[in-house]
Amino acid sequence: MKPTNGKRFGQAFSFKKKKLGKGLQKGNRQKKVVLTKSQIVDNEIADLQRRIDEGIDANQIETFSDFPLSRNTLAGLAKARFSKPTDIQKQAVCAALQARDVLGAAKTGSGKTLAFLIPVLEALYKAKTSPTFGMAALIITPTRELAFQIFEVLNKIRTAHDFSANLIIGGKHMWREVGLMNSTNIVICTPGRLLHHLDQTRMFNADELKILVLDEADRIMDSKFAKDMDNIIGHLPAERQTLLFSATQTKSVKALARLSLKDPAYVSVHEHEQYSTPSGLKQSYLVCELQHKLSFLYSFLKSHPNNKILVFLHTCKQVRFVHTIMKRERPGMTVLHLHGGLNQLRRIEVYREFCQKQHVILIATDVACRGLDFPNVNWVVQLDCPTDAATYIHRAGRTARFERNGQALLVLLPSEEENMVQELRARKIPIENIRVNNRFQYDITGSTAAACAENKELKDMAERAYRSYIFSISTMKNKKVFDVSKIDLEEFAKSLGLFLPPRLRFLEKQQKAKAEKAQKQKSADNGQKAKPPTDDTSDNDEDDDDSSDGSSDDSSSESDGSSDESDDDDSDESDDDDSEESSSAMRDSGKKKSQKRVKVKPEEKPSKAGSDDSDDNDDDDTDDDDDEEESSHGDGVKEAVTNPKSKPVFNLGDDSDDDAEDLFTVKRTLMPLRVEEDGEMADIAADTTEGSKRTTKAAVVKRMKKKGIMANTRLTFDDEGNVVVDALKRRMMGDVSEGEDSDGGINIGSAAKRLRLEDSVDKVLERQRIKQKHREERIKKKEKKRAEQAQQRRAGDDGEEDALLGGVDDDDDPFKYIPDPDKLASLGSEESGSGDDENADDSGDNGDDDSGDDGDDASSSDEDDEEVVPGNRSSLEDAALQLLQMNRKKKT
Ligand SMILES: Nc1ncnc2c1ncn2[C@@H]1O[C@H](COP(=O)(O)OP(=O)(O)OP(=O)(O)O)[C@@H](O)[C@H]1O
């Protein structure tokens, strides 16, 4: 019997023909059973489940088709050219297909991504997820780049499935993501952004979630993300499958309990191997002083020209600076940088560029340390010591991936060597010590200093890099390895091109809090009475307040030191930047200047300094408040100034706290002295320093605006203290000064323009002033000469003498011979053209003479003035010239 709807039947039949194979077709030809697509899927799922229930032996698996996987997944894998599963894939996929929670651990580059992506596709397929279903799978990673990479792998293998997938990683407009969230089956995200959506996006929920994956699970479950993760987990249904993967898997019961895993399968394929790092990875370390690191890096890059090199540093600010310096030094390869401070687009661009290029250097924070699968990296250089062995493993694992070879080099400070190497060896990391051949070393310290000297921006970068590094070291948990007291700050600053080490307030605070704590402990131990109420006690109270706003608590401020992985990049010391810039700018002016300034300080408070000296040996000193520190630094300052090398190293131990404080406060004492010159600015600065509170530049500008003080203006005062308004200057300046400030603050562009103009106006006026002075001198000389002549004549002729003397003495005005300008007004109007010419000439002169008003110029213009002496010319000429003089006088 022919089907009523031939077309439909034909479709169904041809589909059946295609899907069911020849044997089945023959058998069914008579019955002609029509299966819908949905039924075929159901049958396939049932068949897969049956195979799974029968049991899968990971050891029997050779190819992906040996797994009970859906045809679509197998097609995707084949299309992406994955045929043989790796060890972790065999084990983890088997466990996950049995719907178990999985804790997967395997060496870096061993294929963990596929080990969780395959179960994700299968879980969704079995749940018959359609694009409108909502979020059924959630993959959480610590970084955006890793999320992006997973998304790309997923896109390769999901081609035959029709699940929707999307990246939710921030850096895009929220509203765009909102649209995506509700129509996406597989969401790949970073924790912060996901939480944002879970909390704020209407209609978005995770009720249909089938499978949760945490890639780099140990990182995601550690303290940095703990809060976010707890909140996220609160939004997820309890009934779900959970897969955790990492090269350094967490076994923390506490962390796992938070995820409520149910009888998880612990899959650790390399647990019993001799080493925890890939066999193709050759690892070595060398010891290098901090101040030589930059030169070492440059030497290394120069000596490995045709390589792909990944360099790790602690903080974004270091990365920015080192990247700029390396680019300037031109090591012969493209230099890229990657860190959390870059915008999303740039991050992805850099990631792609580094993947694509063969000979390239990438300087990065730990944002690039986990999971990223850069192809063919030859070297991983850890220029800053990793926070712990796990970070080392992840960083080094960016090379020697999936059966390839690679080299990892770790650079350690002498103070880091012993404990770090011990820690690495305890984690089964084979690492050997190598030495640098100094013959092949370049030294870029000089060129870095020169670059910083000529480029303010670079110098600021260097300062930030300096601070952020010290901050990261001082907040590291592992105090055995990271000891800020062992850093030679002065030398380190020099190596970054800085003349003097920038001030480190967070360290001061830390020290203060530490000392306070120690003192409290000490007095508690001794059962001593509290100190008698002196100035000190009130000071201590202030200290308590101070320390409460931040770093007093060591443990709370401790971190892993690196500003990196998540999207909240270096929040670290950035607060200091603004407020410290002013002090750093001051330090630019050099040691000589600072010597002058700091010497003043002890004289200002001699008695206090003296009293503090007496306490110097007392541990209590370290509890003193800011004022006392300043005074007590009097001697320390002198010492530091006369012998800058005397205390190059901070010693944070009890005995040497004083020394460290001395060095710190060298900079602090400079602060008020610098601003004293600036009139009212001094008040502001004094206000801000008095209470030991630092204000930012922005705050100072605000206050200046409030007080109506114009920035970059010079006020001149007369003897009575009244402001002298230079009318001529105003006129010459025109209305440029009016446009100086914009509503939003100082307009740097117009301020600079105005200053330039002001400068040239000053030059013109100065030239006028000098001319005038010379003129007056000449006139005086002539008067004197005339008086002498008159005296001589008087000797011979009394009558004549009277007349002459009367001519001089009757009137003190030396310009008596100049006609009344009003009388000459009409003449002047006729001659005004010549006056203008004169002006034009003057301005022309000045225009040429940028170098200012040296003697030559003055004399050359004086030649013209010689002719202005009255009496040598006709009365008309004289009058015109006198008028000119009048014009000039008026102007000045
Ligand atoms: N079965 C496979 N066949 C061929 N290549 C594979 C296979 N599985 C993974 N790879 C390749 O191995 C490389 C490393 O894979 P992957 O990034 O998943 O490693 P990983 O274990 O997650 O590393 P890490 O611990 O650094 O995150 C990738 O380039 C990937 O394409």
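These are my notebook entries on what I looked up in this structure, a predicted model.

**Ground rules**

I noted that residues are numbered from 1 along each chain as its sequence is written, and that side-chain values use heavy atoms, with hydrogens and water left out. Since the model is predicted, local features need pLDDT of at least 70 and side-chain atom pairs count only at pLDDT 80 or more, while totals for chains, interfaces and linings use all residues.

**The chain as a whole**

I began with the protein chain, which holds 35 helices and 18 strands; these are DSSP runs, numbered from the N terminus, with helices (H or I) of at least four residues and strands (E) of at least two. Of its 892 residues, 49% count as buried, where buried means under 20% relative accessible area, exposed means over 50%, and partly exposed lies in between (1.4 Å probe, protein chains only). I also looked up the accessible surface of the chain, which comes to about 44,400 Å², with 49% of it belonging to carbon and sulfur atoms; such areas come from the Shrake-Rupley method with a 1.4 Å probe, and for residues only the protein chains shown count as cover. Among contacts (heavy atoms within 4.5 Å) with a separation of 6 or more, 76% are between residues 24 or more positions apart.

**Around the ligand**

Which residues come nearest to the ligand? I found 21 residues around the ligand, and those that come nearest are K84, Q89, K112, T113 and D373; a residue is near a molecule if one of its heavy atoms lies within 4 Å of it. Helix α5 (residues 112-126) gives the largest share of this shell, with 3 residues. By class, I wrote down 6 nonpolar, 8 polar and 7 charged residues for the shell, where Ala, Val, Leu, Ile, Met, Phe, Trp, Tyr, Cys and Pro count as nonpolar, Asp, Glu, Lys and Arg as charged, and the others, Gly among them, as polar.

I then looked at polar contacts, which are pairs of N or O atoms within 3.5 Å (within protein, one must be able to donate a hydrogen and the other to accept it, and residues adjacent in sequence count only if both atoms are side-chain atoms). A polar backbone atom of K84 is 2.8 Å from a nitrogen atom of the ligand, and a backbone N or O atom of S110 lies 3.1 Å from an oxygen atom of the ligand. For D373 a polar side-chain atom takes part, 2.5 Å from an oxygen atom of the ligand. The ligand has 630 Å² of accessible area on its own, and the protein covers 86% of that.

**The nonpolar cores**

A nonpolar core is a set of buried Ala, Val, Leu, Ile, Met, Phe, Trp, Tyr and Cys residues joined through side-chain atoms within 4.5 Å. The largest one has 73 residues, of which I139, I186, I188, L310, L362 and F374 touch the most other members. Helix α5 gives the most to this core, with 10 residues. I followed I139 and, leaving aside neighbours within four places in sequence, found I139 in contact with residues including F116, L117, V120, I150 and V213. A second, separate core has 67 residues, with C288, L290, Y469 and V484 among them.

**Buried residues, one by one**

Is R503 buried or exposed? R503 sits in the loop between α19 (489-495) and α20 (505-526), and its relative accessibility is 4%, so R503 counts as buried. The side chains of R503 and E508 are joined by a polar contact of 3.0 Å.

F506 is in helix α20 and is buried too, at 6% relative accessibility. The C-alpha atoms of F506 and F471 are separated by 7.5 Å, though these residues are 35 residues apart along the chain.

I found H304 in the loop between α12 (293-303) and β9 (308-312), where H304 counts as buried at 19% relative accessibility. The side chain of H304 reaches the backbone oxygen of F300 at 2.8 Å, and H304 touches I309, M333 and W379 when residues up to four places away in sequence are not counted.

R330 lies in the loop between α13 (316-329) and β10 (334-338) and counts as exposed at 65% relative accessibility. E403 lies in the loop between α15 (389-396) and β13 (406-412) and is exposed, with a relative accessible area of 74%.
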